[in-house]
Amino acid sequence: MENNTIIKIENLVKQFPVGGGTFTALNGISLSFGKGEFSGIVGPSGSGKTTLLNIIGSLDSPTKGEVTVMGTGSGGMNAKTASQLRKNHIGFIFQTYNLMSVYTVYENVEFPLLLLKMPASERRKAVLDAIEWVGLTDKIKSRPPQLSGGESQRVAIARAMVKRPGLVLADEPTANLDAANSHHILQTMETLNKELKTTFLFATHDDKVIRYLKRIVTLADGKVVSDESVK
Amino acid sequence: MLSFYLKGLLRDRSRSLMPIIVVAIGVALVVLIQCWITGVLGDMIDFNANFSTGHVKIMSRTYYENIDQLPNDLALLESDELLGKIKDQYPGMMWVERIQFGGLVDAPDENGETKEQGPGGGMAVDLLSGKSGEAERLNLERSLVRGALPAGSFEILLSDDFARKLDVQVGDPVTLIGSTMFGAMSITNFTVCGTVRFGSAVLDRGGIIADISGIRSAFDMTGATGEILGFFPDGYYDDEAAGKLSSEFNETYSDPQDEYAPVMVPLREQNNLTGYLDLVGYMKSFIIIIFVIAMSIVLWNSGLLGGLRRYGEMGLRLAIGEEKPHIYRSLITEAVFIGLAGSVAGTAIGLLFSYWMTKGIDISGMLSNSTMMMQGVMKAEIVPAAYYIGFIPGVLATVLGTALAGIGIYKRQTAQLFKELQV
Ligand SMILES: Nc1ncnc2c1ncn2[C@@H]1O[C@H](COP(=O)(O)OP(=O)(O)O)[C@@H](O)[C@H]1O
Ligand SMILES: [Mg+2]
């Protein structure tokens, strides 16, 4: 189990400066997640889910405590190692999809591989595979404005998955989707989790998502209030 | 990767088209102003050279020192001999003798009594030898308003305005009252063979053009000349060559003991042109700097607006693992392409307008009281520099504007850029 740990969080505290003082968004979090988990941080709005996910994704840094993700610790992290970590090992999925509207579906999915300098032929195969996983092969040349919300989020999943990262972080991925589309993308992610052994970590307060999770970590006011596995 | 960015750039009109238009307008103006200044300057140089200074001018040293007084008593003596020598020495150059003079022109009525009288300034040039090229140089044929060019030593041309003021017609006699080289009074009769208008206020106010033989005889200047003007064979003033030629000549001929010894002076050092030529040089650089600053500010602002719109994209690219310096460099690369595209378009537009302006704009109305040796029509001239000069402000301003706007990316925390994705 220890060797399988992909995320290790110890006594994490995150404070933001507000007005004259500070606001404590995360207050003494200790958690670890193993390889291949399909788990979620759950809690009401403002409980600190996004803050926690951002720190795990090295987009933000802890005020106190230590976070180690795939062997890279937050202690000695700088901008360069942080972007290396994100580039090589982490895929992000956001509530608002964040596709680049001037690029086609194909190009949006291709972008992470361009950053990795993957050779062209290998890249092409990877992009086509990723688009196939999410069932959008017929939309390859479409631009984001021509896609529905569900289709857009599927492109975002393909973009996160195309480099076959060890970890995918999904922050409220269904917030803008209806029930049918929510189920569709969750099924897609569940399948990818099984087939590619990718670790998924969600931040959500959506029951439709929660039903799919194998492990539910509940946050309230920046603290873990429960951590339960679903069989 | 580069082609990926450029694809995005081309597809996003607000990121490409707008800045390209801004750059193109600025660059077109720079090119146009450049051509226009060059044209006006070139015309001014030609005009000064042809009518007054030559590309170089030889005078006696004291004549040069007192040139404002048209001091023909200080003229070069035995000018034929000197002329022969320099023609041998500088066979490519065109050398001509001229005498500048002042005097009173008296127009008599039928009874020989003074009808009208007025002070005039004149130029005696070689019109009759047929080899001097002076008639073409002074553009006499085309400037002729009435009558014909002098066919004899005692025929003169008057500026048309002067002739009207004196109320003389072509064919009428006039008397030129002046002083001989030796200080005696000189009264000589001439026939007005024609009138001219040069389109320059200085020349048109009280101008006289005569053949040098008549004036020599009138002012007792046989074998002497006030000035010898030299022109480069291709007709273009070359400041460096003129300077070199002059110092070479002066080394051989000047004599500190003899104040009548000849000196050669290049165009630049005559008629206060030094200051003017330098000023024009500064003006050109100044205009380019102004445009770089103005365009940078505009592009900086549009870059900031574009940047705000692109925070989402930037946050996303950071999230996917692109590094900040890499993003910044990609923005600069985009700017270079925009700058180049805008500069190409702007240069083409600028050249087109300049070409149209080579036909000239009439400003003679504005110059009616001017004493500057300037033509009344301003023309643009397309020089090689016009093809590349616009790229300096074009590319510099886009890169500078983008660099300034892009600093925002550095200032913002990654998490902050990223948060803006969530809304
Ligand atoms: N940059 C920030 N500055 C100040 N307060 C912040 C900042 N980011 C988040 N917070 C605060 O931290 C708390 C947790 O925010 P967040 O992690 O976004 O919650 P959740 O995602 O669970 O809704 C909120 O009260 C929010 O206002
Ligand atoms: Mg949140």
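How many Å separate the centres of domain 1 and domain 2 of chain B, taken over C-alpha atoms? The answer is 51 Å. This is a predicted model. Its scores are ipTM 0.90 and pTM 0.74. Chain A has a four-stranded open sheet and a six-stranded open sheet. Helix H1 of chain A packs on the four-stranded sheet, and H1(A) packs on the six-stranded sheet as well.

**Chain B: confidence and domains**

- The average pLDDT of chain B is 86. At least 70 is reached by 93% of its residues.
- Domain 1 of chain B is assigned to 2–48 + 275–422. Domain 2 of chain B is assigned to 56–231.

**Chain A: the four-stranded sheet**

- The strand order in this open sheet is E2-E1-E4-E5. The pairing is antiparallel.
- The edges are strand E2 (21–34) and strand E5 (72–73) of chain A. Each has a single partner strand, so one side of each is left without a neighbour in the sheet.
- Strand E1 of chain A covers residues 5–18. It is joined to E2(A) by 11 bridges, and the two run antiparallel.
- Within this pair, A:Leu12 of the one strand stands opposite A:Ile29 in E2(A).
- Helix H1 (residues 49–56) of chain A touches E1, E2 and strand E4 (64–69) of chain A. The direction of the helix makes about 120° with that of E1(A).

**Chain A: the six-stranded sheet**

- Here the order is E6-E7-E8-E3-E9-E10, again an open sheet. The pairing is mixed.
- Strand E6 (90–93) and strand E10 (223–229) of chain A stand at the edges. Each pairs with a single strand, so one side of each has no neighbour in the sheet.
- From one strand to the next, the twist averages 15°.
- Strand E3 (residues 38–42) and strand E8 (residues 199–204) of chain A run parallel. They are joined by 5 bridges.
- A:Ile41 stands opposite A:Ala203, a residue in E8(A).

**Chain A: helices on the six-stranded sheet**

- H1(A) touches E3, E6, strand E7 (167–171), E8 and strand E9 (215–220) of chain A. Its direction makes about 155° with that of E7(A).
- Helix H6 of chain A spans residues 179–196. H6 lies across E3, E6 and E8 of chain A. It runs at about 150° to E8(A).

Methods:
Residues are numbered from 1 along each chain as its sequence is written. Chains are lettered from A and ligands numbered from 1 in the order in which they are written. This is a predicted model: local features need pLDDT of at least 70, side-chain atom pairs count only at pLDDT 80 or more; totals for chains, interfaces and linings use all residues. Side-chain values use heavy atoms; hydrogens and water are left out. pLDDT is the predictor's confidence in each residue, from 0 to 100. Two strands pair if DSSP finds at least two bridges between them. Contact means heavy atoms within 4.5 Å. Axes are lines fitted to C-alpha atoms, for helices over the stretch in contact, and angles run from 0 to 180 degrees between N-to-C directions. Domain bounds come from an automatic or database domain assignment.
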